[in-house]
Amino acid sequence: MLVGEDKSGIGGEPLPGQKLKPKYSAFPREIGSDAPAWVAFDKQVLSFDAYFEEEVPDKNQELYRIRHCKIYFYLEDDTIQVVEPQVKNSGITQGTIVRRHRIPLPPPNEDQFYTVDHFNINIEVILYARRYRIIDCDQFTKNFLRKMGVRLNPPVCRPDDPYTKERQKIMDNMKPLRPYERLDTLRQFLEYDGHVLRFFCVWDDTESMFRDPRELVLHYYLSDDTIEIKEMVPVNSGRDAVPLFLKRNKLPKYAPTGLYQPGTITNRTVLNVFGELVGNKGRYILDNRKTGAVHQEFYKDCDLTTGAVINVWGRKIVLCDCDEFTKEYYRTKYGIMDFTPVPYKAPPLPKPEKKFPPYTGFGSEEDSLCSCLGLLPKHPQKDFKKFMEKDRNGLESNILRFLAKLITDSPIDKERKFIISYFLSDDTISVFEPMRRNTGILGGKFLERGRIKKPGQELFKSEPSEYFKAQNLFVGARVCFHGHNFLLVDADEYAFNYMEKHANEFSMADISVILKKLKDIAEPRSREVKQMFAATDPDHTKVIEYDPFRNLIVNITDGALSEHEIMTLGRYYSMRDDSEMDVHFLLAVAQEQLKKKSFENFGQLSAVLVYNDREKHGVLPHEMCRTICKSFRLPLSDDLLQALLTMFEDGHEQVEYKKLLEGLNWRENQIPAFQTIKVPLKYEDDWSGQLPSLPVKKIKYLTLLEDLFGQEE
């Protein structure tokens with residue numbers, strides 16, 4: 001039978017008299033986990049220190065060479081790698097001697113491979129006919145071999161290479177020709193590289209023809225104590241713009257004897273031992289004592305302070321100021337806190353006031369002014385950014401509408417009503433008079449849209465005129481448009497909401513400002529104010545109607561608060577009831593939009609909502625309903641969808657989605673549009689200007705009193 005001698009029996013058990021050769025390292029079962037070796041020993045490597053001898057037959061100076069190396073045994077797959085560390089100026093190609101792989105045993109066992117059992121300290125291993133002597137290993141290797149049950153041999157000393165030892169002996173016996181003087185500037189360079197002190201200087205060049213001050217910038221490099229100076233040449237000064245006023249170098253302080261000749265000052269000084277006695281050949285050695293050295297002081301960072309005068313090759317330069325980094329450097333190192341700058345610039349001459357000719361009366365004031373700004377007249381530029389931000393966008397009209405009446409003694413004109421519209425995109429105003437039957441007055445456009453000047457200004461003047469702004473319009477304000485005096489008596493809901501959202505621009509709608517003003521007035525007589533509110537609420541319902549509330553505020557403040565401020569106060573502390581008409585109105589608007597977009601996919605939308613309702617309670621979280629509706633591309637605006645979801649929420653912020661779908665289904669539950677237009681709403685675009693009932697009906701006055709006078713104990 002053709003059966004190999006290494007073939008095991010049934011179940012992998014060896015046959016009688018058969019010894020199987022292990023292919024990989026064999027580890028006891030009780031050590032470690034049952035994971036495979038490539039998982040259990042991942043990134044675990046045994047490291048051995050070894051050396052081998054290499055014959056050198058071609059040199060008389062050395063017969064053999066000792067080469068030290070590292071043997072790495074990878075436990076995960078029994079691979080071996082031999083690496084020789086790099087030795088400077090060795091002249092030998094070093095690095096990886098044997099790449100990582102499984103290495104077979106020397107003959108006659110070349111059919112087997114090295115395992116962890118073949119390694120120990122103070123033994124020899126043969127890798128591809130090269131004999132390596134293992135002398136030591138690291139601590140991890142020692143611990144691992146001890147756990148494996150291997151008795152470690154004691155480590156041996158590391159032998160030296162005889163040729164390297166001989167070379168070191170020769171180098172030690174050699175003496176330099178002269179003593180070496182070390183100039184260590186590396187530490188200063190590494191510590192202060194890139195750190196530069198900057199001073200703003202001035203050189204009063206009074207001896208020149210023009211006698212003008214020269215503005216300079218001095219840079220002091222902390223890495224090597226060098227100085228560089230640049231000149232700030234003004235535009236159209238008549239001077240050539242040179243790159244540098246002083247090239248970067250060490251700047252010497254002046255010696256009493258003046259300047260030194262070139263070569264007098266050097267980094268090292270030498271001595272001529274024999275002079276000219278021996279064949280005109282001198283012998284020079286380094287002068288360690290520096291007996292003949294010329295010492296010259298150079299400017300350091302301690303010499304540069306604000307207000308100091310330095311000598312730059314005969315030029316007196318005053319340090320006037322420095323930057324913030326320089327100030328912090330001197331605060332930290334020298335503790336200097338006074339950095340008062342030295343004034344060196346003359347105060348600039350006052351610019352002559354540019355006076356424009358007065359307005360001619362032709363065209364607008366901006367158009368007349370553009371003809372004075374340039375030789376070629378240009379059209380006046382509008383604020384395009386403001387126009388893009390405040391132009392009509394979806395349901396945001398950015399138009400403030402007010403209801404006004406004429407201030408007049410005429411009985412006919414007293415009954416006239418006007419709608420004043422302020423356009424935030426370009427600060428224009430239009431006035432419209434609603435048509436009323438049997439009054440004898442034709443309604444319609446009363447004032448064309450445009451900007452309106454404030455009254456009392458001179459017509460032909462050089463300064464631009466002042467126009468009415470949005471802050472000048474509020475309920476209770478008196479305005480004059482081209483000789484017609486108007487009293488603003490009401491505003492639409494959008495105007496109130498816009499002013500309250502932008503309370504920083506409209507002080508009349510800023511509740512914090514109104515409360516502060518009211519507190520300053522009512523705090524001295526707080527007891528009386530509380531009694532007045534209590535008398536208005538005899539049943540102790542904690543709420544009062546708006547009209548008594550308004551009369552109380554007027555009596556308390558004695559007219560110090562405007563009508564708009566009182567209305568803002570009432571809106572803030574109001575108790576608003578969600579009427580059923582609002583729900584019908586929102587559903588009617590939503591059905592109208594769904595009908596226009598032909599959206600009829602209510603069945604699938606209901607199925608998805610029911611599927612996400614795992615507990616089958618008929619409610620879903622607000623955000624989940626919004627996400628599902630958006631995924632179906634429900635053609636509703638985000639504001640309208642949010643309002644509808646809020647309307648159908650219960651007390652736990654859960655949306656009753658079945659009722660919502662019944663209300664949105666315009667096929668089965670259509671809501672007529674006329675149901676929502678029974679009463680003219682204040683936020684409609686076709687606001688007629690009538691005085692509808694204020695949405696604020698009841699006021700929670702106890703909350704107002706707590707905010708004014710604090711909570712009673």
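Predicted model: local features only at pLDDT ≥ 70, side-chain atom pairs only at ≥ 80, totals over all residues.

Biologist: Let us begin with helices. What describes two packed helices?

Modeller: Two packed helices are described by the angle between their axes together with the distance between those axes. Here, helix H10 (residues 511–522) and helix H13 (residues 563–572) have axes that come within 10 Å and cross at roughly 105 degrees. Angles from 65 to 115 degrees count as roughly perpendicular, so H10 is roughly perpendicular to H13.

Biologist: Which residues of H10 and H13 make the contact?

Modeller: On the H10 side they are Ile511, Ile514, Leu515, Lys517 and Leu518, and on the H13 side Glu565, Thr568, Leu569 and Tyr572. Sorted by class, the contact of H10 with H13 holds six nonpolar, one polar and two charged residues.

Biologist: At what angle do H10 and helix H12 pack?

Modeller: H10 and H12 (residues 546–557) pack at about 60 degrees, and their axes are 9 Å apart, which means that H10 is oblique to H12. Leu518, Ile521 and Ala522 of H10 meet Ile553, Ile556 and Thr557 of H12, and the residues of this contact divide into five nonpolar, one polar and no charged.

Biologist: Now to charged side chains. How many salt bridges are there?

Modeller: As a general idea, side chains of opposite charge can pair when their charged atoms come close. In this model the count comes to 36 salt bridges. In one of them, the side chains of glutamate 365 and lysine 453 meet at 2.9 Å, N to O. Glutamate 365 belongs to helix H6 (residues 365–373), while lysine 453 is in the loop between strand S18 (444–450) and strand S19 (478–481), so the pair ties together parts that are 88 residues apart in sequence.

Biologist: Is glutamate 365 buried or exposed?

Modeller: Glutamate 365 is buried, since its relative accessible area is 12%, whereas lysine 453, with 29%, is partly exposed.

Biologist: Which parts does the salt bridge of arginine 571 and glutamate 500 tie together?

Modeller: The side chains of arginine 571 and glutamate 500 meet at 2.7 Å, N to O. Arginine 571 is buried, with a relative accessible area of 9%, and glutamate 500 is partly exposed, with 30%.

Biologist: Finally, how should I read a sheet, and what is the order of the strands in the open sheet of six?

Modeller: Strands of a sheet pair through backbone hydrogen bonds, either parallel or antiparallel. In this open sheet of six strands the order is S4-S3-S2-S1-S6-S5, with antiparallel pairing. The edge strands, each pairing on one side only, are strand S4 (95–101) and strand S5 (123–127). Neighbouring strands of this sheet are turned by 30 degrees against each other on average, direction ignored.

Biologist: How many bridges join S5 to strand S6?

Modeller: Five bridges join S5 to S6 (residues 130–137), and the two strands run antiparallel. Isoleucine 123 stands opposite isoleucine 134 in S6. A helix can also be placed relative to these strands: H2 (residues 139–147) lies across S6 and strand S1 (45–55), running at about 110 degrees to S1.

Key:
Residues numbered from 1 in each chain as written. Heavy atoms only, no water. Axes fitted to C-alpha atoms, helices over the stretch in contact; angles between N-to-C directions. Helix = DSSP H or I, 4+ residues; strand = E, 2+ residues; numbered from the N terminus. Parallel < 35°, antiparallel > 145°, perpendicular 65-115°, else oblique. Contact = heavy atoms within 4.5 Å. Nonpolar A, V, L, I, M, F, W, Y, C, P; charged D, E, K, R; others polar. Salt bridge = Lys/Arg side-chain N within 4 Å of Asp/Glu carboxyl O. Buried < 20%, exposed > 50% of the residue type's maximum accessible area, 1.4 Å probe, protein only. Pairing = 2+ DSSP bridges.
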